[in-house]
Amino acid sequence: MNASHEDQGRPRPRVGPVPAEEPSFHPYHHPAAGWGAAKSVTRVLTRERALVDGPRAIMRMNHENTGFDCPGCAWPDDTKGLHLDICENGIKHVTWEMTRKRVGREFFAEHTVTELSGWSDFALEDQGRLTEPMVYDPESDHYVPITWRDAFALAGRTLRELDDPNQASFYTSGRLGNEATFLYQLFARELGTNNLPDCSNMCHEASGRALQASLGTGKGTVDLQDWEATDALFIMGVNAASNAPRMLTALAEAYHRGAQIVHINPLVEAAATRTIVPHDFMDMALMKTTRTSTLNLQPRIGGDMALLRGMAKAVLEEARHDPKAVDQEFIDRHTAGFDEYRAVCEATTWEEIERQSGLDRASVLEAARVYGDADRSIISWCLGVSQHEHGVDTVREIVNLLLLRGNLGREGAGPSPVRGHSNVQGNRTCGIDHRPTEEFLDRLAEVCKIDPPREHGLDTVATIHAMHRGDVKVFVGMGGNFALAAPDTPYTYEALRKCELTVQVSTKLNRSHLVHGRLALILPCLGRTEKDEQRGGVQSTSVEDSMSMVHLSLGMKRPASRHLLSEPAIIAGLARAALPGSDTPWEWYVEDYDRIRDTMAQALDGFEDCNRRVRLPLGFRIRQPARELVFLTPSGRAEFSAAPLPDVVPAPGTLALGTMRSHDQWNTTIYSDDDRYRGVKGLRTLVFMNADDMRERGVHEFDPVDITSTAKDGSHRHLDGYLAIPYDIPRGCAAGYMPEMNVLCAIGDYSTQSDQPLMKHVKVTITRAA
C-alpha cells in the first residue's frame with residue numbers, strides 16, 4: 001500500500017508493542033456506551049497499569065472547580081452535580097496522559113529521527129511522556145538534551161533575528177487553557193504579528209463566521225439547561241458516541257421526557273440508535289437500553305443545506321394555511337431579510353431539493369413536521385456541516401430555519417455547535433484569532449500597554465503556504481500534532497521542513513517532532529491532570545466549554561518529570577527571550593495565575609470579575625447578546641441569508657469522500673486500530689462504501705482499492721491498497737479515517753467562505769487495485 005502526492009510520501013509501517021491483527025468487520029448492533037464502554041475502559045486501565053490512578057482520576061474529572069477538566073471534548077459539565085460525569089473516551093484520554101512510560105534522553109540517544117520517522121503514530125505516542133527539553137542535532141540526526149534557559153535563548157534569538165515578525169507563526173491546539181492562551185496571543189502581538197492559526201481554522205471556522213454574520217456572535221446561544229427543556233433536537237453531522245460521548249446522557253434524558261430527536265448524518269452512527277448510560281447503575285444492571293433518536297435521515301455528503309432548505313420551504317408552505325406555522329411577530333420585530341429568504345425558498349424546487357439532499361420529499365417533510373410540531377427546537381451540528389465549501393451558507397441556513405419559528409432568545413431553543421476539543425472555544429475567546437477586531441486590539445493596547453499589529457495574520461492554510469514559500473521561517477506549535485492534523489500531508493511536511501526553526505510544546509512524542517525545520521525544539525509541558533506549582537502555590541487554569549461556561553481545572557497528580565514546565569511558564573520564557581526589553585511582567589504573571597485572570601478581566605468582554613465568578617459552582621457563563629435578542633449586526637437584527645443551493649451531486653464515476661475519526665481515536669491520537677461502533681477490528685487503512693457503488697466497480701468486501709482525489713487545480717493525490725468495507729452510506733458517498741486520508745485533501749482545496757480545508761468533501765475515484 002502507498003500514499004502519495006504526485007508520488008511523494010508513504011504511510012508509516014506499524015512499529016511498536018501492539019501486534020498486527022487479522023482485520024475483521026461485523027456491523028455493530030449494540031447500544032452505545034453501556035457494557036461495551038465499561039469493558040473498553042477496563043482494558044485501557046489494565047494496559048496502562050492505571051488500576052489505582054485511573055479510578056482516582058475518574059473521581060476527580062469534571063467536578064466543579066475541585067478537579068481537572070477532561071482534556072478531551074468540550075461538552076459542558078453536568079448541571080445537576082453528577083458524580084460520574086465521564087465517558088469512555090475521556091478516560092482513555094486521561095489514562096493516555098497519565099501513563100507511567102517515559103521518553104527521556106536515553107530514548108533519543110538510542111533512536112535517530114530517521115528511524116523514528118518509520119514508526120507508526122501509535123508507536124510514537126505509546127512510548128510515553130516527554131521528560132525534558134530537547135534540541136535537534138543535524139549532524140547526528142538525534143534529539144539531544146538542552147536546558148530550558150538555552151532552549152528559550154535559541155528560540156528568542158531566532159525570533160529576534162527575523163527580518164519581519166510576520167515571518168513567525170504561532171499555532172494553537174484546543175487544549176491550551178485560557179490563561180496560557182491569553183499570554184500566547186499577547187506574546188505574538190507584542191512581537192508584532194497576528195499570525196495566530198489554530199485548530200478552529202480546520203474545524204468550526206465556518207460556524208463562527210456564519211453565526212457572526214447572522215446573529216452578531218460567533219458562538220451558539222444555548223446551554224445545557226436548554227437541552228433539558230427543548231421539545232425537539234436536530235443533531236447534524238455529529239458522531240456523538242465518539243466525539244462528544246457525554247451527549248448520550250442528554251439524548252437519553254430527552255427521549256425519556258418525550259422530546260423528538262432527529263439525527264442527520266450520511267452514516268447512522270451508534271449514538272443515533274440507543275444507549276445504556278454507564279452511570280445509570282440500574283440500567284446497567286438490567287441492560288436496559290434507551291433510544292437516542294426518533295428519526296434518522298441520511299443525506300448525501302454536503303446535502304445538509306438542501307435538507308434545511310426543504311424544511312424551511314415546507315414550513316412556509318404550511319403557513320399559507322396556518323399562519324401560526326411561522327412566528328411572524330418575531331420575524332417582524334427581530335429580523336431582516338425575510339422577504340428575500342422567502343422568495344429564494346419558493347424559487348427552490350422540490351426536485352432540486354431532493355436531488356441535492358439525496359433524500360426523498362417525504363423524508364424532508366417528516367423532518368419539517370417534527371420541527372413544526374415542536375414549540376421549542378435546538379439545532380446542533382459539528383464538522384459534518386462545517387468542513388465543506390458551503391459550510392458558512394449551511395450554518396446560516398440553520399439559523400434561517402430557527403428564525404422562522406422564533407427559536408432564539410428563549411428557553412429550550414437556538415443554535416448549538418458542538419466543539420470537538422476542550423477549550424478550543426476558549427482559545428478564540430481569549431484572543432487566538434488571526435483576524436482580530438479593532439475593538440479587541442484597542443482594548444488590548446490600553447490594558448497591556450503594547451502596540452499590537454493591525455493587519456490580519458495568517459490562518460492554518462495560509463501559514464502552510466507561507467512556510468512552503470519561505471515567507472514564514474519560525475513555526476511554534478502550542479500543543480497538538482500539526483503535521484498530521486493539517487491537509488495535504490506531503491505538502492505540509494515540505495513546508496515545515498523549510499522552516500529555520502520549529503518549536504513544539506507537547507506532552508508526548510508525535511509526528512510533528514520528526515517533521516521539523518533546520519533547527520527544532522521539543523519543549524515538554526505539564527498535562528491537564530498534573531499539579532501546577534508556581535511561586536504562589538498550586539495553580540488552577542480555566543477553560544470554556546462549547547456552551548460558553550467558564551470553569552476552573554485543577555490537576556491532581558505529581559508531574560511526570562521534575563523538568564516539566566507549565567504552558568504559561570513556557571510562553572513566558574519564550575516571550576522574555578524574544579522580547580528582552582518588554583515591559584510585560586511575564587515572570588510575575590506566572591507566579592500566580594490570578595494575576596493573568598485579573599488582566600483578562602480588563603481586556604476581554606465577558607471576563608469581568610472572572611477571578612471571583614470562575615470560583616462559583618460550575619463557574620460562569622459568558623454573556624451571549626443574541627440570546628437576549630441583542631444582535632450586533634449592521635442592521636441590529638438577526639439576518640436571514642438567501643444563498644442559492646450548491647451543487648453537491650458527484651460527477652459520474654466519482655464519489656464524495658468524508659474523513660472522520662474512529663471510535664478508538666482522539667484527533668490525531670490513535671489508541672488502537674479498532675473502531676468498535678462501526679464494527680471494525682484491526683484496520684485503519686480502509687474506505688467505507690455503499691454496496692451498490694462497490695458492485696458497480698466490481699469491488700467486494702475487503703478487496704484492496706486505489707483511491708485518487710482530484711483537486712480544484714486538476715492535480716491528483718493517491719492512496720493505494722486500502723480495503724473496501726460495505727456500509728450503510730448513501731450512493732455516491734464514501735468515508736475513511738483521518739489523519740491517514742488527509743493526504744487526499746489538497747492544500748488548495750479549502751472553502752472560499754471560511755478558508756477551511758474540505759476534509760468532509762473530497763472528490764475521489766475508487767477502483768479495484770490491480
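Me: Two strands count as a pair if DSSP finds at least two bridges between them. In this predicted model, what makes strand 30 and strand 32 a pair?

Reply: Strand 30 (residues 686-689) and strand 32 (residues 716-726) are joined by four bridges. The cut-off is at least two, so the two strands pair. They run parallel, and methionine 689 has proline 726 of strand 32 as its bridge partner.

Me: How do you know that strand 31 also pairs with strand 32, and in which sense?

Reply: Six bridges link strand 31 (residues 704-710) with strand 32, and the sense is antiparallel. Again at least two are needed, so this is a pair. Threonine 708 faces histidine 718 of strand 32. The hairpin of strand 31 and strand 32 has five residues between the strands, and glycine 714 there has a positive phi near 90 degrees.

Me: Why are strand 3 and strand 12 called edge strands?

Reply: The sheet in question is open and has three strands in the order 3-11-12, with mixed pairing. Strand 3 (32-33) and strand 12 (290-291) each have a single partner strand, so one side of each has no neighbour in the sheet. Strand 3 pairs with strand 11 (residues 274-276) in the parallel sense over two bridges, which meets the cut-off of at least two. Alanine 33 is opposite isoleucine 276 in strand 11.

Me: What makes strand 7 and strand 8 the edges of the six-stranded sheet?

Reply: That open sheet has the order 7-6-19-18-17-8 and mixed pairing. Strand 7 (142-145) and strand 8 (168-172) each pair on one side only. On average, neighbouring strands are turned by 20 degrees against each other, direction ignored. Within the sheet, strand 18 (residues 501-506) and strand 19 (residues 519-524) are parallel over six bridges, with serine 506 opposite proline 524.

Me: Which strands does helix 26 touch, and which does helix 7 lie across?

Reply: Helix 26 (residues 567-578) packs on the sheet and touches strand 17, strand 18 and strand 19, with its direction at about 145 degrees to that of strand 19. Helix 7 (residues 148-160) lies across strand 6, strand 8, strand 17, strand 18 and strand 19, at about 135 degrees to strand 19.

Me: Which residues are the closest to the centre of the second largest pocket?

Reply: This pocket has about 1200 Å³ of space. Gln212, Gly218, Lys219, Arg428 and Thr437 are the closest to its centre, out of 36 lining residues. Helix 9 (205-215), helix 21 (424-429) and helix 22 (438-448) each give two or more residues to the lining. Its classes are eight nonpolar, 14 polar and 14 charged.

Key:
Residues are numbered from 1 along each chain as its sequence is written. This is a predicted model: local features need pLDDT of at least 70, side-chain atom pairs count only at pLDDT 80 or more; totals for chains, interfaces and linings use all residues. Side-chain values use heavy atoms; hydrogens and water are left out. On a 1 Å grid over the protein atoms alone, a cavity is a set of points where a 1.4 Å probe fits but cannot get out, and a pocket is an open set with protein on both sides within 12 Å along at least five of seven lines; lining residues have an atom within 4 Å of a point. Grid points are joined across faces, edges and corners, and a volume is the space filled by probe spheres set on the points. Ala, Val, Leu, Ile, Met, Phe, Trp, Tyr, Cys and Pro count as nonpolar, Asp, Glu, Lys and Arg as charged, and the others, Gly among them, as polar. Axes are lines fitted to C-alpha atoms, for helices over the stretch in contact, and angles run from 0 to 180 degrees between N-to-C directions. Contact means heavy atoms within 4.5 Å.
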